[in-house]
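Here's a quick tour of a model, from overall build to the contact between chains. Have the viewer open as you read.

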Amino acid sequence: MRLRFWGTRGSLPVSLTWRDMRERLARALVAGSGRGLDTIEKACAFVERDLDPALSHTFGGHSPCVEFQPGGAGEEYFVCDMGSGARAFGEHVLARQAGAPATVNVFMSHTHWDHIMGFPFFGPAYQRGWRIRIHGCHETLERAFRLQQDPPCFPVPFSQLAASIEFVQLAPGVASEVSGVRVTPKLQVHSGDSYGFRIAAGGRSFVYSTDSEHRLEQHAASEEFVAFFRDADAVIFDAMYSLADAVSVKADWGHSSNVIGVELCQLARAKRLVLFHHEPANDDRALARILQETRRLEELTRGEHRLEVVAAYDGLEMEL
Amino acid sequence: MTLNPRAYADTLVLAPAGRLDHESCDAFRADLQPHLERALGASGGIVFDLSGLEYISSGGLRCFMLASNEARARGGKIVVAAPKPVVAEIFQISRFNLIFDVHPTLRQALAAVSPQAAAAFDTR
């Protein structure tokens, strides 16, 4: 199974500013001076091998959209959430299909705006012959998708989309088979509710658990999540806040922290923790620091089981 | 959990030891409560001496935060002293170092809470 991250930011899309860009360019030029970088090839090799990742890398800024490819011969597409990353995801599938229609299976954690805002810009929705099946546990799923395309919010009403679009109701705790993929939703603590998904296919499994607050005093709920994450090849986890913020000034805001992610994944013996739903106020330097610290925490608290920690970024591809 | 209470003038020092995690958190809170009542009732400060603490989880940190909130609501203050390197790192990674004043030694923590407590420490 392969994961492809099209949007990893929480709440609101962000981008590098011109100031960020200018500073990076200036630092990169200084770092590369005297190295004979007189061709694009040499410069690319230098950036790839020698330049500080803080200068050569960005976590990106699209809101949540994570594609998974179960493998096998199936021609259908699968994606969790339709944040602003869905625009690039749509371009990708249209290019790959080269004019041949296909089916896209969408799994919606919830319908807050950052998770649906990419759909009006999702190219396949405007293509005749395409089939889009939007799965979720919220009864308001269809209403939310239609509402954001109604005037005065957007110029193209939902009824004018050319693709065949279906809404499929899922039930929390009940596993469903969707085109060879086993999907089990789980209710999470978030304003208006959100749902995590445990997704299994071809002997691999991962959990998509974003917009989920974990209340430390609720031991039974924590044990439920440990069972939900049990032995997963990857857990995509809402690590928006620091633990201190999540339990104090941002308690009840519906999000979690890197520290809770490490603890739950260690208890669940998950193989990989993927920090996700990055705080839009955090720049690349802050996110790189959080990743480094989370890896250190895993090292400090490691028992017999080693947990790999990565931070999702727009464009990350991961083979499970 | 044994808290090994010690008083320095108007300041109470409590020293949780071992591991403070979701399994020991409830016992810690139960053992802490009478000390909180006594110290805060007397308008004194509290220092958590963490020199014997080997590990603290998110649940343990939350216990500290609840105690701190209670102290603050009653006009008192809790500070942290002498964490081992591992515990100090966990405070920093979780950003609990922004919620608590963390002092490298017990003497420095006492001085931050009360000059009388620091003087009492020096005379022992």
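What follows covers the ground rules, the fold, the domains and the interface.

## Ground rules

This is a predicted model, where local features need pLDDT of at least 70, side-chain atom pairs count only at pLDDT 80 or more, and totals for chains, interfaces and linings use all residues. Residues are numbered from 1 along each chain as its sequence is written, while chains are lettered from A and ligands numbered from 1 in the order in which they are written.

## Overall build

Chain A has ten helices and 14 strands, taken as DSSP runs (H or I, at least four residues, for helices; E, at least two, for strands) and numbered from the N terminus. Its C-alpha atoms fill a box of roughly 60 × 50 × 40 Å along the principal axes.

Of the 320 residues in chain A, 42% are buried, meaning 20 or more other C-beta atoms, placed from the backbone, lie within 10 Å of the residue's own.

## Domains

Chain A is split into domain 1 (2-15 + 58-319) and domain 2 (18-56), with bounds from an automatic or database domain assignment. Taken over C-alpha atoms, the centres of these two domains of chain A are 33 Å apart.

## Meeting chain B

On the chain A side, 15 residues are in contact with 16 residues of chain B. Helices α8 (243-247), α9 (258-268) and α10 (284-301) of chain A each supply at least two residues of that side.

Methods. A residue is buried if 20 or more other C-beta atoms lie within 10 Å of its own, exposed if 12 or fewer, and partly exposed in between; C-beta atoms are placed from the backbone. Two residues are in contact if their C-beta atoms, placed from the backbone, lie within 7 Å.
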